[in-house]
Amino acid sequence: MTTELPFLQVDVFAAEAFRGNPLAVVAGADALSTDQMAQIANWTNLSETTFILKPEDPKADYRVRIFTPHGELPFAGHPTLGTAYVWRTLGGHPKSDAIMQECGVGLVPVRERDGRYSFAAPPRRRSGPADEATIARAAAAVRLNVEDVISAEWADNGPGWLALRLRSREAVLTARPDWNAFDGLKLGLVGAWDPAQDGDAAQFEIRALYSEGDGRGFEDPVTGSLNAAIAQWLIDGGFAPSQYIASQGAALGRIGRVFVEREKDDIWIGGDVVTRIEGTITP
């Protein structure tokens, strides 16, 4: 008997239809092997595909495994929001006020308010300033001078991001990656919007750039994990208010909006999620 599993493709962090970051989600995936999950993620060819499983931690509502076309991640932001949305859409009911997701980094709370989903930013595995040699290497990888970088901080909550704070939104959008110089780097660029020049739809511009180390480069449309770590850096460092909106994806023709809010000790990273494709998948 052929098994069919629920399959949804959703648009995460989208301000307009088909302008966010797509995510494929397979539910009821407990019987799938790791190799099957990896092959499905390679086939969908999206930045991430997730698989919803029964939780192992009694505090969790569900467990998720997150795959890129080339490997598995312990945590990622837009897959967290998209998976929580799909779990609720398919009838899931949280055990407490927050949806509790179990993933490679442990338990991640997700909340739903007025139809918008947010996750509590997990602790960074690596933080603190980058050394001068790393900053010089990162600046060269996006064809900038070291003087163009105000500061650089490790923003690693799983994927391994290094964040560069630039002088403006324009500097972020005009940076030109030299993929051959990345050599495995995963770079986040952040620059403040100028209200007079850029408007007030957002306060910061973000780009996420990474290479697989073989000269092939990629830019992610909207990146929850990077925004989470950057928010921790900017807010804790006094470079950003406790609540702001980040824009991402403009360089790719997307209109991503990430809603950042600090409440007590948590920084919440939120966005809108909309179903675009719904059906079944046959493994």
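Predicted model: local features only at pLDDT ≥ 70, side-chain atom pairs only at ≥ 80, totals over all residues.
Residues are numbered from 1 along each chain as its sequence is written, and side-chain values use heavy atoms, leaving out hydrogens and water.

**The paired strands**

Strands here are DSSP runs of E with at least two residues, helices are runs of H or I with at least four, and both are numbered from the N terminus. Two strands pair if DSSP finds at least two bridges between them.

| Strands | Sense | Bridges |
|---|---|---|
| β14 (residues 243–248) and β15 (residues 256–263) | antiparallel | six bridges |
| β15 and β16 (residues 266–271) | antiparallel | five bridges |
| β7 (residues 106–113) and β8 | antiparallel | four bridges |
| β8 and β16 | antiparallel | four bridges |

Over in β8, Ser118 stands opposite Arg111. Strand β8 (residues 116–120) is mostly covered, with four of its five residues buried; buried means under 20% relative accessible area, exposed means over 50%, and partly exposed lies in between, using a 1.4 Å probe and protein chains only.

Two hairpins are worth a look. The one formed by β15 and β16 has two residues between the strands, and Lys264 there takes a positive phi near 55°. In the hairpin of β7 and β8, also with two residues between the strands, Asp114 has a positive phi near 55°.

**The nonpolar cores**

A nonpolar core is a set of buried Ala, Val, Leu, Ile, Met, Phe, Trp, Tyr and Cys residues joined through side-chain atoms within 4.5 Å. The largest one has 51 residues, and Val260, Ile269, Leu81 and Phe119 are among those with the most contacts inside it. Helix α6 (residues 224–236) gives the most to this core, with eight residues. Because domain 1 (5–121 + 270–281) and domain 2 (132–266) both give residues to this core, it lies between them; the domain bounds come from an automatic or database domain assignment. Apart from it lies another core, of 20 residues, including Leu144 and Val149.

Contact means heavy atoms within 4.5 Å. Not counting residues up to four places away in sequence, Leu81 touches several residues, among them Val12, Phe119, Ile269 and Val273.

You will find Glu48 in the loop between α1 (34–44) and β3 (49–53). With a relative accessible area of 10%, Glu48 is buried. Leaving aside neighbours within four places in sequence, its contacts include Leu23, Phe67, Thr68 and His78. A polar contact of 3.1 Å joins the side chains of Glu48 and Ser47. Such a contact is a pair of N or O atoms within 3.5 Å; within protein, one must be able to donate a hydrogen and the other to accept it, and residues adjacent in sequence count only if both atoms are side-chain atoms.

Ile150, in strand β9 (residues 149–155), counts as partly exposed because its relative accessibility is 37%. Beyond neighbours within four places in sequence, Ile150 is in contact with Arg165, Leu166 and Arg167.
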